[in-house]
Amino acid sequence: MAMAAMNLPRADAQGIRRAVPDSLAGLVAEVSGIVADPSVSEDDVVRALGRGLLAAAAATRLPDLAVWVEIALAAGQADAPLPADLLHGPASAFLVPAGGRLRLLPDMAALRRACPAARHGRPRLAVLAGGRLHVRPAPAQDVVVGFDYHRLPAPLAAPGDKPEGLPVHLAGPLLVAYACRELFERLEEGADGIKTQTAAYGKRHEVLLAELTATTGPRQTAPVDVPSAADPYGFGEDCP
């Protein structure tokens, strides 16, 4: 008896984390078949799927989208651009290699209160604001600041593209539910206030998103400061 062929991703070749069976073409076909309305184009579906992917990545720190970056600061340079694909900022930042941890502050006002801009020395405070990394004191010599952040997923554009960062069992159902909810909301607009399909796919998306946030989260990939007798908190000897 001939065995049926199954086109499943090979974990050894593609990597377990990349073995998502749902391509953009397949997801578009699935959503189009569910919505089944000639006024909804493939471009509409692609945009809805893309927004669903961004919404999922924004809802939680997806481990597969964690990236380590190192930003060089010249002597006297108190700020530098952040990566353009930054979505979730870091919990910690470090002077590398093995130069101690920087204390992250919530905003520029807190940074200004903590340390005058004119002061130079070893950076010990930092804030991410306005698309830039700001440090205080401004470095007295060239330094490198490293931190772990979570980036934006790659956009879904080509037919063979697959949603990045999502668990294999959730990627397809989650994005399909999001896209169907968004498209049905438009189609059912003005239908005497009754949005049956919108509500059904909205509830499905909520359940799947809750499962995603419950099973994913940040992972510690940055180096951990080991306190010493001279610096028990790991913030640097000049930290008050």
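A residue is called buried when its relative accessible area is under 20%, exposed when it is over 50%, and partly exposed in between, using a 1.4 Å probe and protein chains only. By that rule Phe94, at 4% relative accessibility, is buried.

The model is predicted, so local features need pLDDT of at least 70 and side-chain atom pairs count only at pLDDT 80 or more, while totals for chains, interfaces and linings use all residues. Residues are numbered from 1 along each chain as its sequence is written, and side-chain values use heavy atoms, with hydrogens and water left out.

Helices (H or I, at least four residues) and strands (E, at least two) are DSSP runs, numbered from the N terminus.

| Bond | Omega |
|---|---|
| Val96 to Pro97 | near 0 degrees |
| Arg136 to Pro137 | about -15 degrees |

Pro97 sits in the loop between strand 4 (93-95) and strand 5 (101-104). Pro137 is in the loop between strand 8 (132-136) and strand 9 (138-139).

Ala36, in the loop between helix 2 (24-35) and helix 3 (42-59), has a positive phi near 50 degrees although this residue is not glycine. Ala36 is exposed, with a relative accessible area of 59%.

Rings of Phe, Tyr and Trp (its six-membered ring) pair if their centres lie within 6.5 Å; planes under 30 degrees apart are stacked, over 60 edge-to-face, and the rest tilted. The count is three aromatic pairs. One of them is the tilted pair of Trp68 and Phe94, with 6.5 Å centre to centre and 40 degrees between the planes. Trp68 lies in strand 1 (residues 66-73) and Phe94 in strand 4, so the pair ties together parts 26 residues apart in sequence. Trp68 is partly exposed, at 31% relative accessible area.
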